[in-house]
Amino acid sequence: MTRAALRGAAGAAALAAVLATTAVPASAHTTLTSASPAKDSTVAAPSQIVLTYADPVRLPRVVVTDGSRKQYQAGSAQAVDNKVTQAVGGTLPDGKYTVGWRVVASDGHPVEGTFTFTVQGSSGAAQPPAPSPVRTNLVSTGDSGGSSGWLWIGLIALVLAAAAGAVAWFRRSPTQD
């Protein structure tokens, strides 16, 4: 094999190594597939909120609020496989309610969302529920890591491979190929 062929083979191997190390794993974020009460539905006062996801989830948080931002969840949300159940504190009075939820998908990424439903025909009095120790801040403050770490590793590998290729290119002998 000639020197040019060896350099070409080494370059192809380096390119293959860079491409192999920069492959980003597929994200498997889950999605909310159904809710009870359903999004935009009108129902009698529910005693619980049940959220069903496409995949198993963990670390659930669910907040149920009315138009004046009073909270009606009781205790902590419970996740079993792909279902999250949140008890409602007391009987909800007639009105529109917002359900805010956040779970951690099986790939480690937080997934969150909101939806509304309306209670009609309730016998519940408009009393705020007992205070709940549940943390209610559902705003994401940053990425939990996930695939962005692989992106940085791949970028560093690409820079190192390019530097090694440049050194090899400039160190080649000026002899005939």
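The legends below describe close-up views of a predicted model.

In this model, local features need pLDDT of at least 70 and side-chain atom pairs count only at pLDDT 80 or more, whereas totals for chains, interfaces and linings use all residues. Residues are numbered from 1 along each chain as its sequence is written, and side-chain values use heavy atoms, with hydrogens and water left out.

**View 1. Strand β3 and its burial.** Strand β3 covers residues 48–53, strands being DSSP runs (E, at least two residues) that are numbered from the N terminus. Five of its six residues are buried, so β3 is largely enclosed by the rest of the structure; buried here means under 20% relative accessible area, exposed means over 50%, and partly exposed lies in between (1.4 Å probe, protein chains only).

**View 2. The pairing partners of β3.** Two strands pair if DSSP finds at least two bridges between them. Strand β1 (residues 32–36) runs antiparallel to β3 and is joined to it by four bridges, with Ser34 having Thr52 of β3 as its bridge partner. Strand β6 (residues 83–88) also pairs with β3 in the antiparallel sense, over five bridges, and here Val50 stands opposite Thr85 of β6.

**View 3. A salt bridge between Arg102 and Glu112.** Taking a salt bridge as a side-chain nitrogen of Lys or Arg within 4 Å of a carboxyl oxygen of Asp or Glu, the count comes to one. Arg102 forms a salt bridge with Glu112, their closest N and O atoms being 3.5 Å apart. Arg102 lies in strand β7 (residues 95–105) and Glu112 in strand β8 (residues 110–119), so the pair ties together parts that are ten residues apart in sequence. Arg102 counts as buried at 15% relative accessibility, while Glu112 is partly exposed, with a relative accessible area of 38%.
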